[in-house]
Amino acid sequence: MSNQFGNKIRQLREQQNLLLRQVAPLLEIDSPQLSKIERGERMAKKELIPVFAKVFNISKDELQTLWLADQLFDVIQGEDMADEALKSVTKKIKKDK
């Protein structure tokens, strides 16, 4: 499992000298669940992204980008045509804008 999102959350929490047990209640999750998110053992629910952004005073867009990147990576890792598939999706996204 890719873990850009979890690594960023851990970095932000540590920069602010916060413990897991201090942050978890703000997110309405327990400390073990937050720890698993930070280690990449569990994916955070998309609905938590704005809450993480508020708690850590960071852009929701930045966190959502990392969350989506982790999702995409998990789906395509190990696929021979992963790069081509991403290029195709990028073209479609640009076309649909």
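Tutor: In this predicted model, D70 lies in helix α5, which covers residues 60-76.

Student: What makes D70 a residue without a salt bridge?

Tutor: A salt bridge requires a side-chain nitrogen of Lys or Arg within 4 Å of a carboxyl oxygen of Asp or Glu. The nearest side chain of opposite charge to D70 is R10, at 12 Å. D70 therefore has no salt bridge, although D70 is buried.

Student: Which backbone atom does the side chain of D70 reach?

Tutor: The side chain of D70 reaches the backbone nitrogen of Q4 at 3.0 Å. The cut-off for a polar contact is 3.5 Å.

Student: Which residues does D70 touch, leaving aside those up to four places away in sequence?

Tutor: D70 touches S2, N3, Q4, F5, G6 and M43.

Student: Why is the pair of F5 and F52 called edge-to-face?

Tutor: A pair of aromatic rings is described by the distance of the centres and the angle of the planes. For F5 and F52 the centres are 5.4 Å apart and the planes stand at 85°. Pairing requires centres within 6.5 Å, and an angle over 60 degrees counts as edge-to-face. The pair is therefore edge-to-face.

Student: Which parts of the chain does this pair link?

Tutor: The pair links distant parts: F5 is in helix α1 (residues 4-15) and F52 is in helix α4 (residues 49-56), 47 residues apart.

Student: What makes the pair of F52 and F56 stacked?

Tutor: The planes of F52 and F56 are 15° apart, with 6.5 Å from centre to centre. Planes under 30 degrees apart count as stacked. F52 and F56 both lie in helix α4, 4 residues apart, about one turn of the helix. Ring pairs link F5, F52 and F56 into a cluster.

Student: How do you know whether F52 and F56 are buried or exposed?

Tutor: Buried means under 20% relative accessible area. F52 has 0%, so F52 is buried. F56 has 2% and therefore counts as buried. F5 is buried as well.

Student: What share of the protein counts as buried?

Tutor: Of its 97 residues, 32% count as buried. The secondary structure of the protein comprises 6 helices and 0 strands.

Notes:
Residues are numbered from 1 along each chain as its sequence is written. This is a predicted model: local features need pLDDT of at least 70, side-chain atom pairs count only at pLDDT 80 or more; totals for chains, interfaces and linings use all residues. Side-chain values use heavy atoms; hydrogens and water are left out. Helices (H or I, at least four residues) and strands (E, at least two) are DSSP runs, numbered from the N terminus. Buried means under 20% relative accessible area, exposed over 50%, partly exposed in between (1.4 Å probe, protein chains only). Lys and Arg count as positive and Asp and Glu as negative; His and the chain ends are not counted. A polar contact is a pair of N or O atoms within 3.5 Å; within protein, one must be able to donate a hydrogen and the other to accept it, and residues adjacent in sequence count only if both atoms are side-chain atoms. Contact means heavy atoms within 4.5 Å. Rings of Phe, Tyr and Trp (its six-membered ring) pair if their centres lie within 6.5 Å; planes under 30 degrees apart count as stacked, over 60 as edge-to-face and the rest as tilted.
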